[in-house]
Amino acid sequence: MIANRSGREPALLTRFGLSLLVWMMLLTCAGAPDAQDMVKLIGNHPTGIAGQPTGSIAPEPMLTMMITLKVRDPEALNRLLSEQQNPSSPDYQRWLTPQEFSTRFGPDPAQFKAVRDWLVAQGFEVTSSSVENRSITFRGSAGQAERIFRTKIVTYAGDSYANVTDPSIPAQFAGVIGAIGGLDNVVHAVPASTR
């Protein structure tokens, strides 16, 4: 570099260097909490799929997905289910109406709304939601789903696709979101009976 007699280049370079350093620090700080605030939704991808992946899913196809929220107070629900099957219990065969179940074990309405609002803020289109059914159905592109849920979706022969890693969700929803459906279109086998 040829020095200028006025000495202005070093000052400009110093300002540019400081600006660049500030931008790099802001980007680093902005990215770090985001990484810490996301947690894996363990067990939320199909395993044992027959055949080898044929490639990555294109980012454009629209996926219809559904978040299912966990029941509130699962220990109390398990106790109730046990009591409903026990002939000596006062709760024996005393079934709950859908409204009663939702009131006792459904998601907190504020948490439900927070999950729904988060989906909308991420650019997904919420097509239906039901606190009673603990579900929020939404649409978005495959690329959007991969980016937001930090998962990889691959294709298989016969137009099948599946996420090969567990999706990530905000840590604040770790005890709220139970599952995300629609990141794959693989038929899940369910045993007809067990021994």
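Reader: Is Asp-91 buried, partly exposed or exposed?
Author: In this predicted model, Asp-91 is partly exposed, with a relative accessible area of 26%.

Reader: And which side chain does Asp-91 meet in a salt bridge?
Author: The partner is Arg-94, and the N to O distance is 3.6 Å. Arg-94 counts as exposed, because its relative accessibility of 52% lies over the 50% cut-off.

Reader: How many salt bridges does a search of the whole structure find?
Author: The search finds two. One of them joins Asp-91 and Arg-94. Another links Asp-117 with Lys-113, where the closest N and O atoms are 2.6 Å apart.

Reader: Where do Asp-117 and Lys-113 lie?
Author: Both belong to helix α4, residues 109–121. They are four residues apart in that helix, so about one helical turn separates them.

Reader: What is the relative accessibility of Asp-117?
Author: The value is 36%, so Asp-117 counts as partly exposed.

Reader: Let us turn to the sheet. Which strands form it, and in what order?
Author: Four strands form an open sheet in the order β4-β5-β3-β9, with antiparallel pairing. The edge strands are β4 and β9, the latter covering residues 177–181, and each of these two pairs on one side only. From one strand to the next, the twist averages 20°.

Reader: Which helix packs on that sheet?
Author: Helix α5, residues 142–149, packs on it and touches β3, β5 and β9. The direction of α5 makes about 115° with that of β5.

Reader: How many bridges are there between β4 and β5?
Author: There are five bridges, and the pairing of β4 (residues 125–130) with β5 (residues 135–141) is antiparallel. Within this pair, Glu-125 stands opposite Arg-139 of β5.

Reader: What about the hairpin: how many residues lie between the strands of β4 and β5?
Author: Four residues lie between them. In this hairpin, Arg-134 takes a positive phi near 55°.

Reader: Which residue in β9 is the bridge partner of Thr-68?
Author: Ala-179 is the bridge partner of Thr-68.

Reader: In general, where do side chains point along a regular strand?
Author: In a regular strand they alternate between the two faces of the sheet.

Definitions and conventions. Residues are numbered from 1 along each chain as its sequence is written. This is a predicted model: local features need pLDDT of at least 70, side-chain atom pairs count only at pLDDT 80 or more; totals for chains, interfaces and linings use all residues. Side-chain values use heavy atoms; hydrogens and water are left out. Two strands pair if DSSP finds at least two bridges between them. Axes are lines fitted to C-alpha atoms, for helices over the stretch in contact, and angles run from 0 to 180 degrees between N-to-C directions. Contact means heavy atoms within 4.5 Å. A salt bridge is a side-chain nitrogen of Lys or Arg within 4 Å of a carboxyl oxygen of Asp or Glu. Buried means under 20% relative accessible area, exposed over 50%, partly exposed in between (1.4 Å probe, protein chains only).
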